[in-house]
Amino acid sequence: YERRGGEVLVTEAGRVAAHFYVGHRSVAAWRTEIRAESGPMDVLQAFAHSDEFIQLAVRADERVEVARLAERVPVPVRDSADSPAAKAAVLVQAYVARLNLPGFALAADLAYVAAAAGRIFRALFELSKARGWARAAKESLAWARMVDRRTWAAESPLRQLGKACPPELLRSVERSPMAWARLADLNPAELAELLGAPRAGPLLHKLVHTVPRLGLRAHVQPLTRSLVRVSLRVTPDFAWNDAAHGVAERFWVCVEDASGAQLIHTEPLVISKAHATEEHVVEFACTLADPLPPQYFVVVMSDRWVGADTRLAVSFRHLRLPERAPPPTALRDMQPMRDDDIERLLGVPQGLNAVQTQAFHALWGSDDSVLLAAAPGAGKTRAADLALLRFLSAEAERARAEGEDFVRRRAVYVAPFAALVRARAADWRRRLGALHGGTRFAVVSGGSDASADLRRMEDAHVILATPTAWDRLSRRWRQRQRHAVRDIGLFIADEIHWIGGAGLGAAADDVAAAGPSGTGDDAGADSVGDRLAAAYEAVVSRTRYMAAQLERPIRVVALAVPLANAKDVAAWIGATQVFNFHPAVRPVPLEIKIQASGVMHFASRMAALIAPTYRAVCESPQAAIVFVATRRQCRALAAELLTRASADGLPDRFMPQEATEVPVGVKDAALREFLAKGVGYYHDAMAPGDRKAVADMFAKGLLRVLVASREACWALDSVVAHTVVIMGAERFVGREHR
């Protein structure tokens, strides 16, 4: 219970208890029994002290038998022989060992303990995993697998195959001195020679390769001095058997520290039958301790199979960490800059804000390259307009002095998404189109018809393109001796932080949504992830190389969000003026609330997040935008919000004060009904007219809630909202099956 906010929040222990149907007394007992260094005996004791076994009394006629069983089981029991905890600990081991018990009463108790054992051990695994206890988590999962498979960890994994493995062959394998991990490296002839059974080689080879086995390769890339990105490539190395594996196999990817005591990261990995022969890529971020540890261990544990774990040591011996980042640029207490002409051209009648004022002299008063990194909404684009206005004014004065055409050197604007490029071109045409007798802007696509793009560039003062498009057009700059590609005086790189890719888990086929006026065919990101990063890095580096080879200065103005390595980026683009403000520096204060959910299943997690999303939208005093992972969720969530409002007795809760008139051009009948209630949805599969109508209605304040797909954030850059809800940060990448 949060006293300050008056909210009841879900704890990790409560979530685990509810998911596995465990009482609060059991969780309280586990808190005292389980520790970070807990071994098999500690986990078994915590299991035995669960409240589920409090009524499991030792009858008078069972004491001798329970004591005899306690001597036969492999894990010692700490409690007295006549306690319920000792009986539960003995019976669960007897179940794993497949011991025969005398009497119906003891057999009934065994069935009760066995039915609850898997559930309780997995609850212990989830709790240990949530607390970051590596050894306790591994031991809890080991007990859960042993109970499910009725096989001890010291026994051969072939016992899990049941009747598929003949008893004689199983006994021969267990008598063999060779370790289990080495059997998979032998061919049928070598296996037959090892066992002394010539005919058993092919069958044993098949059975050994039925047990899941994985090959691991890891690539580590430092992001900061305290954070690394790990790219783990998992290759299945076993033969899929429907009877043994079903439709999918689940694994747990765990990262342990050098001592093996702390869990740094944990996430599930599912390998399906359809992709059992393909390489799987798992990407995640891990924190680094200071001083730098010698290595981490990546452990991939099977969720069901005993003896199917794989361990990989990731060494940090040759890892080069970036230098310590300098502190962010301090925001000075300056008087806001006021100039009527600049305010009119920039479209800021209220004057320049604090960030723009501090960077004004670097952008307007010199031709030095500049890196401006500030939070979204801080006015970076308007600040870059200052550099563009200075460049156009200088070119116009040169043309008048020399009596030449205005077009000699050009400015190039590059942004990662076509929707941003189109929006910037429309904005500049509206504000700067009449400047200096007519400033012409050309948007190039970099498609198959390069000659058309080149002709448009020849007659333009400002060229706008995506990194991929400009890469295709500028790649042959040496062969184009007299062309606009070589005559560049200003290069504006917007959203330059995308040189690092789209973030963890991003794929190259990620697509951003079209703008309200787009057709949807080229409206998205030209390419996101590795291809976008490579293209963006290439065009910026090529620009600097061209300036050095042609001996013509090219000013680079780079815009980004606050960067951890702003010093390195500034050195790369040749910027002498660096402004890297703190993320908290923004005109409108930002309040962030995080609602965590431990539900692994995607559909169930989305259903669990509907209630907090509805609450956040209702508490918002103004319009709200909700971003969801898929297009299908857009309509489903919009319908669910209206349903919950009706259930609360307020069907018109999201209606604006003014009557909402739905535009006649909206084709989607369901969308028309939602718009009439003040709720809309937006994704790139909608008709262009419907997208434009929804965006216009939300911008005019005729909609209270807008549900949009995640890729639509780049197309909705012109709309603002008081509350933004990101309903999950996960998505499925079909090409990579994750």
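Reader: In which sense do S15 and S17 pair, and over how many bridges?

Author: Strands of a sheet pair through backbone hydrogen bonds, in either the parallel or the antiparallel sense. Two strands count as paired if DSSP finds at least two bridges between them; strands (E, at least two residues) and helices (H or I, at least four) are DSSP runs numbered from the N terminus. Here S15 and S17 pair in the parallel sense over five bridges, and Val-628 stands opposite Ser-709 in S17. This is a predicted model, in which local features need pLDDT of at least 70 and side-chain atom pairs count only at pLDDT 80 or more, while totals for chains, interfaces and linings use all residues. Residues are numbered from 1 along each chain as its sequence is written, and side-chain values use heavy atoms, with hydrogens and water left out.

Reader: What is the order of the strands in the open sheet?

Author: The order of this four-stranded open sheet is S16-S17-S15-S18, with parallel pairing. The edge strands, each pairing on one side only, are S16 (679–682) and S18 (723–726). S16 pairs with S17 (residues 705–709) over four bridges, with Val-679 opposite Val-705. S15 and S18 likewise pair over four bridges, and the partner of Val-626 in S18 is Val-725.

Reader: Is S15 largely enclosed or open, and why?

Author: A residue is buried under 20% relative accessible area, exposed over 50%, and partly exposed in between (1.4 Å probe, protein chains only). Five of the five residues of S15 (residues 624–628) are buried, so the strand is largely enclosed by the rest of the structure. Both faces are covered: Ala-624, Val-626 and Val-628 lie on one side, Ile-625 and Phe-627 on the other.

Reader: How does the span of helix H7 agree with its number of residues?

Author: The expected span of a helix is 1.5 Å times one less than its number of residues. For the 16 residues of H7 (residues 134–149) this gives 22 Å, and the end C-alpha atoms are 22 Å apart, which agrees. Because 12 of the 16 residues are buried, H7 is largely enclosed by the rest of the structure; among the buried residues are Trp-143, Arg-145 and Arg-149. Arg-150, which follows H7, has a positive phi, near 55 degrees.

Reader: Does Leu-590 count as buried or exposed, and why?

Author: Leu-590 has 55% relative accessibility and therefore counts as exposed. Leu-590 lies in the loop between strand S14 (577–580) and helix H22 (602–608).
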